[in-house]
Structure formats: C-alpha cells, structure tokens
Amino acid sequence: MGGETNHVKGAILSATDSESIRSAGRIIKTGGLVAFPTETVYGLGCDAMNADAAAKVFEAKQRPQFDPLIVHIADPKQLDVVIESLPVLGRRLMDAFWPGPLTLVLPKQRAVPDLVTAGLSTVAVRMPNHPVAQALIREAGTPIAGPSANLFGYVSPTTAQHVADGLGSKVDLILDGGPCPVGVESTIVSLAKPQPELLRPGSITIEQLSAVVGSIRRSSPVNEATTAPGQSSRHYATETHLTILVSVGARPVLKDGERAGLLIHSQARETDDRFAAVEVLSSTGDLKEAARHLFAALRRLDSLHLDRIYAEPCKEEGLGVAIMDRLRRCAAPRQ
Ligand code: TXA
Ligand code: MG
C-alpha cells in the first residue's frame, strides 16, 4: 500500500479545492504522505496508527528514529484513540488553548505504534486550529502524525514552496494553504510528571500557560545537556553560519570582502547597505509579525550562500522567547 493518487508525486494542490482535500485524505488512509498547512508550520502527515506510513516519514525527512512525532487530532474525542489518561492539568490546558499551537505530552495508548513515539510511554498530541489541517484529519478519519515538513535539522517550512524545496517528490502531495499565520512551531508541554514541564517555547507563552496551570518547569536551555528526544541544540538551522549580535541595535564589524546577511527587528539604517542582504522581520518590532516572517527570511538569506548571517536579538519576553530559542538553535555549533 502507499499513497494512491492520480497526481504527480510532490504536486502542490490548492487546499481551497475540496477535491484536493479528498485526494489528500485518500492518500493518508492508504498509507501515503501528505504535507499540510497548520497555523504554526507545514507538517509532513501520515496515518498516526500505521507504523509503515510513519517509517516513510522518518525516511523522507532523514530523521533519526529516536525523535518522536507529534500526533494531530481534529476533535478532542479522538484523544481516546491515542492517550491512556488525561491529567486534570491537561484538561485545563486543552480547554484554554485547543484548537491552537499547543502540544501536550501525555501517557500513550498502546495502539499508537512505537515508531511514532520513538518507544516512549508518552505521546505528543495537538489539535491545530488551521481549517485545512482540520479538514484533512476529518477526511482521513484518523489522527495524523506529522513532524515539520523539512529535512531533519533544517529550518521549518512556512509555505508550500518551502516544503517542495526540501522534500519534493518524497511526499505524495503538498496541500497549499498559503503562508502559516504563526510561523514558529507549537509550544510543547509535558504532563508526564506531576509538575508541567515546558519542552519547547512557542507562540503560547509561558505567561499564558502559568495563568492556567500555575508554575511550570523549564527544560534546560540550548547548549546544555539535552533532556528530551529531538531537543538537540542544532535544529532549525541554516547551512550558512549564523551569529547572534550582542544586543538590540548592535551591528558587526565585517571582515574585508565578507559577504554577510543581516536579520533585524526594526527598520534598516542607511549604513546597512554594506550587507549583501537585509531581512527586516518587523519594522515596528512587532513580535507576532517577526515570528511569522522568521523562517522565510532565514531561508532567503541561506539561499544566497553568504559567508555569515548576523541576527539581531529581540527581547526575551512573550513570543520573543520562542524567536530567540530558534535563533540560538540556528547559531549552535555543528556537532
Ligand atoms: O507546530 C508544530 O508542532 C509542528 C506542526 C507540524 O504541528 N510540528 C513540529 O513537529 O514541530 P517536529 O517533529 O518538528 O517537532 C516535534 C517535537 C520534537 O522535538 C520531538 O522530540 C518532540 O516534539 N516530541 C514528540 N513526542 C514527544 C514525546 N513523547 N516526549 C517528548 N518530546 C516529544
Ligand atoms: Mg521539526
């Protein structure tokens, strides 16, 4: 079995066409791979209950099998299929933030293949609020396991074209739902232990989470020992070396002949024309706008094959925590 389709492999179809959703649902049901938009980034989806299909996801992404996938559902009722029990704090977080960019790590149901969870006794679940993601999961009639639809370690995709650039014909179909409105991956909270633990910062902020469940443990920051599978520090990384500038507003001294890119959170200055390319994430310093533009800007700079990318930091509050997390991972030394 494997992704029955009338289309060329890797074709991009507009998700506004209901026939595209039907084809995509058929592909998932028959064990194939569909890239689909969510509010955060594009996912590489397969039937979460089918181990052979999940194996194809790992292969297409060149993802190590110790790194578990996120399972996407369209309705809280589907939770019974994938989790064994729901702690009270999990219920509160669901009620507050689903559908939306929050992933919960919960005790897994036996029926979920070990490959999906990398052999862990927990499973990561989220209910996206993107209408195309929801329609696809409903059409497929099964939870959809999906990591970000990029090659392992590279910057996550926020457009259908980004998916095609990285994975091309390794996917059966790419559903185009336009650019992702949030732009950074979901916040991940583990409820495996009594105290909730933040495994990955995202657009649901720590402040928002704490308002619902009280204090939250934060897993160790980048560059310290990794605590969770897939939290390896060099992730979301460009090919081009990236250096984070020392402070907001700082600019680097360039070496003679150095071709450098600049990524900033405010309007460019006249003297910035010494950079080969400048990407302004938000000219007004709006963090939501910056997050939405971050990955596309990094990809554009990376495609220029520059000597180095310099990134201006932003304030580490609210969404700024997730933006700085991604920039630090991008800047982390190659292992
Ligand atoms: O916004 C998102 O979360 C996107 C969209 C497509 O939903 N997905 C995404 O998936 O970012 P991925 O695979 O790129 O990142 C999933 C992260 C990995 O770091 C993985 O290690 C972690 O979730 N994860 C998955 N299951 C886990 C588990 N049982 N325990 C701890 N971490 C887990
Ligand atoms: Mg990813």
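This is a predicted model: local features need pLDDT of at least 70, side-chain atom pairs count only at pLDDT 80 or more; totals for chains, interfaces and linings use all residues.
1. Although Ala118 is not a glycine, its phi is positive, at about 55 degrees. Most residues other than glycine have a negative phi.

2. His305 also has a positive phi without being a glycine; the value is about 50 degrees. Its place is the loop between helix 9 (287-302) and strand 15 (308-311). Is His305 buried or exposed? With a relative accessible area of 65%, His305 is exposed, because the exposed class begins over 50%.

3. The peptide bond between Trp98 and Pro99 is cis, with omega at about -5 degrees. Most peptide bonds are trans. Pro99 belongs to the loop between helix 4 (88-97) and strand 5 (102-107).

4. Which residues touch the most other members of the largest nonpolar core? They are Leu93, Trp98, Leu102, Leu104 and Leu209, in a core of 47 residues. Helix 2 (residues 51-61) gives the most to this core, namely five residues. Apart from this core lies another one, of 27 residues, including Val41, Ala290, Leu301 and Met324. In soluble globular proteins, nonpolar side chains tend to be buried together.

5. Leu209 deserves a separate entry. Once neighbours within four places in sequence are left aside, the contacts of Leu209 include Leu93, Phe97 and Leu102. Thr187, Val189, Leu198, Ile204, Gly214 and Ile216 are also in contact with Leu209.

6. An open sheet is formed by four strands in the order 12-15-13-14, with parallel pairing. Strand 12 (242-244) and strand 14 (277-280) each have a single partner strand, so they stand at the edges and one side of each has no neighbour in the sheet. On average, neighbouring strands of this sheet are turned by 20 degrees against each other, direction ignored.

7. How many bridges join strand 12 and strand 15? The two strands pair in the parallel sense over three bridges. Leu242 stands opposite Ile309, which is in strand 15.

8. Helix 10 (residues 320-331) lies across strand 12, strand 13 and strand 15, and runs at about 130 degrees to strand 12.

Key. Residues are numbered from 1 along each chain as its sequence is written. Chains are lettered from A and ligands numbered from 1 in the order in which they are written. Side-chain values use heavy atoms; hydrogens and water are left out. Buried means under 20% relative accessible area, exposed over 50%, partly exposed in between (1.4 Å probe, protein chains only). A nonpolar core is a set of buried Ala, Val, Leu, Ile, Met, Phe, Trp, Tyr and Cys residues joined through side-chain atoms within 4.5 Å. Contact means heavy atoms within 4.5 Å. Two strands pair if DSSP finds at least two bridges between them. Axes are lines fitted to C-alpha atoms, for helices over the stretch in contact, and angles run from 0 to 180 degrees between N-to-C directions.
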